Amino acid sequence: MTSAPSVLDLAPVVPVVVIEDAADAVPLARALVAGGLPAIEVTLRTAAALDAIRAIAAEVPDAVVGAGTVISPDGVDASVAAGARFLVSPGWTERLLGTMKASGVPFLPGVSTTSEVVALLEHGVSEMKFFPAEAAGGRPFLKSMSGPLPQARFCPTGGISLASAPSYLALPNVGCVGGTWMLPADALAAKDWGRVESLAAEAAALGRTNSEVSAQV
């Protein structure tokens, strides 16, 4: 890891973006940033993903654009070359982890079991993506991790909604959550960037109410 700010501390919510048309990347990113969500994970699930990362990096200076669904060393190299400032994987292997470490940018390798968490800690990695969060045990799993493995911090992603996000953010070992609820398909199809900005602002506000929820955990 580098001395760059932790991805987990940039915003309470990291939008997980699937971009089909690279022309949408800049207005979408500007809407998310305007709403208060500067960390944007563009998943490598489409042919437009790398062009989208490149465009956001070049034209939206207030955005911290990263690459998600990074599952190969080639994906790491291509993402960093395109301007990705952080990397997120759904899981990890020794080879992938080594390439992410060598990339020079912060990264969140994915975990879904206690053994994977312990293995990453052995590698000196303490910040991770918990995926698929709801399917893999959700909030109860992460709460149980905070006792024996307090040094591990997580960005849970997968099935999290505006309603469930606060209970995750209240946990001491959760820095942020990843989600897609501020990116409804109909708004993206209509290029309704104003609606995206409004939903992003609603998500960003979770960080201001988190302390109240934490007191109830």
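Me: What is the mean pLDDT of the protein chain?

Reply: pLDDT is the predictor's confidence in each residue, on a scale from 0 to 100. Here the chain has a mean of 94, and 93% of its residues reach 70 or more. Over residues 210-217 the value is below 50, and that stretch has 12 contacts (heavy atoms within 4.5 Å) beyond near neighbours in sequence. The model is predicted, so local features need pLDDT of at least 70 and side-chain atom pairs count only at 80 or more, while totals for chains, interfaces and linings use all residues. Residues are numbered from 1 along each chain as its sequence is written, and side-chain values use heavy atoms, with hydrogens and water left out.

Me: Which residues cover the faces of strand 3?

Reply: Helices (H or I, at least four residues) and strands (E, at least two) are DSSP runs, numbered from the N terminus. Buried means under 20% relative accessible area, exposed over 50%, and partly exposed in between, with a 1.4 Å probe and protein chains only. In strand 3, V64, G66 and G68 are buried on one side, V65 and A67 on the other. Five of the five residues in this strand (64-68) are buried, so the rest of the structure largely encloses it.

Me: How many bridges join strand 2 to strand 3?

Reply: Two strands pair if DSSP finds at least two bridges between them. Strands 2 and 3 run parallel and are joined by five. The chain passes from strand 2 through helix 2 (residues 49-59) to strand 3 in a right-handed β-α-β crossover; with the strands pointing away from the viewer, such a path from the first strand over the helix to the second runs clockwise. I40 stands opposite V65 of strand 3.

Me: Is T43 buried or exposed?

Reply: T43, in strand 2 (residues 39-43), is buried because its relative accessibility is 0%. Leaving aside neighbours within four places in sequence, its contacts include V16, A49 and G68.

Me: Which residues of helix 6 are buried?

Reply: In helix 6 (residues 138-145) they are G138, F141, L142 and M145. They cover an arc of only 90 degrees around the axis, so they lie on the same side of helix 6; the arc is taken from the directions from the helix axis to the C-beta atoms.
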